Amino acid sequence: EEAERLAKEEAERIAKKEAKRAAKADAERLEKEEADRVAAEEAERSAKKEAKRIAKEEAERLAADEARLAAKEELERRNKEEAELKAKDEAERERQRKAAEDERARQQQQQQAASTSQPQESTEPQTGYVHMDAEHGNSPKNQQKSNGCPCSMM
C-alpha cells in the first residue's frame, strides 16, 4: 500500500509538474501571440502613417505642378497680350506714318498745282522753241514751251 501511495503521489507530482509546464507554455504562447498582434497593429499603423505621408507629398507635388502650370499659362497669356498690344501699337504707328506721308504728298501736290497754275516768269528768253530733253525724249506729249520747264515727268 505504501508503495502504491508513493507511486500515486509521484504520479500526481509528475502530473502537477507537467500541468505547470503546460500552463507555462500556454502562457508563453498567449504572450507571444499578444506581442505578435500588437506588433502587427503597430506595423499597420506605421504603414498607414507612411501611406498618408506619401499621399500628402504626392498631393503637394501635384499642387506645385498645377501652380507651375497655372503660372506658365498666365505668363503665356500675358506675353500674348503684350505681343498683341505691340502689334496694335506698331499698326497704329504705321497707320499714322502713312497718314502723315499721304498728307505731305497731298500738300506737295497742292503746292505744285498752285505753282504751275500761276504764271512764272522765266529767266530764259521767250523764243518759242520746243524743249528737247534727252531724258524725256522728243514726243509731243513731253514737249513743252521753254518757260522754266515744269516738266510733268520730273
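Modeller: A salt bridge is called here when a side-chain nitrogen of Lys or Arg lies within 4 Å of a carboxyl oxygen of Asp or Glu, and the structure we apply this to is a predicted model.

Colleague: What makes Asp65 and Arg61 a salt bridge?

Modeller: The closest N and O atoms of Asp65 and Arg61 are 2.9 Å apart, and the cut-off asks for a distance within 4 Å, so the pair is called a salt bridge. In general terms, side chains of opposite charge can pair when their charged atoms come close.

Colleague: Where do Asp65 and Arg61 sit relative to one another in helix 1?

Modeller: Helix 1 covers residues 2-117, and because Asp65 and Arg61 are 4 residues apart in it, about one helical turn separates them.

Colleague: Why is Asp65 called partly exposed, and why does Arg61 get that label?

Modeller: Partly exposed covers what lies between buried, under 20% relative accessible area, and exposed, over 50%. Asp65 has 28% relative accessibility and therefore counts as partly exposed, and Arg61, at 40%, therefore counts as partly exposed.

Colleague: Which residues are linked with Asp65 in a network of salt bridges?

Modeller: The network links Asp65 with Glu58, Arg61 and Arg68.

Colleague: How do you know that Glu94 and Arg97 meet in a salt bridge?

Modeller: The N to O distance between the side chains of Glu94 and Arg97 is 2.4 Å, and since the criterion is within 4 Å, the pair qualifies. Both residues lie in helix 1, 3 residues apart, about one turn of the helix. With a relative accessible area of 37%, Glu94 is partly exposed, and Arg97, at 39% relative accessibility, counts as partly exposed.

Colleague: What makes Glu103 and Arg106 a salt bridge, and how are they placed in the helix?

Modeller: Their side chains meet at 2.3 Å, N to O, against a limit of 4 Å, so Glu103 and Arg106 form a salt bridge. Being 3 residues apart in helix 1, Glu103 and Arg106 are separated by about one helical turn. Glu103 has a relative accessible area of 31% and is partly exposed, while Arg106, at 36% relative accessibility, counts as partly exposed.

Colleague: How many salt bridges does a search of the whole structure find, and what does the secondary structure of the protein chain come to?

Modeller: The search finds 26 salt bridges, and the secondary structure of the protein chain comes to 1 helix and 0 strands. Of its 154 residues, 3% count as buried, and the chain exposes about 13,900 Å², of which carbon and sulfur atoms supply 55%.

Conventions
Residues are numbered from 1 along each chain as its sequence is written. This is a predicted model: local features need pLDDT of at least 70, side-chain atom pairs count only at pLDDT 80 or more; totals for chains, interfaces and linings use all residues. Side-chain values use heavy atoms; hydrogens and water are left out. Helices (H or I, at least four residues) and strands (E, at least two) are DSSP runs, numbered from the N terminus. Buried means under 20% relative accessible area, exposed over 50%, partly exposed in between (1.4 Å probe, protein chains only). Accessible areas come from the Shrake-Rupley method with a 1.4 Å probe; for residues, only the protein chains shown count as cover.
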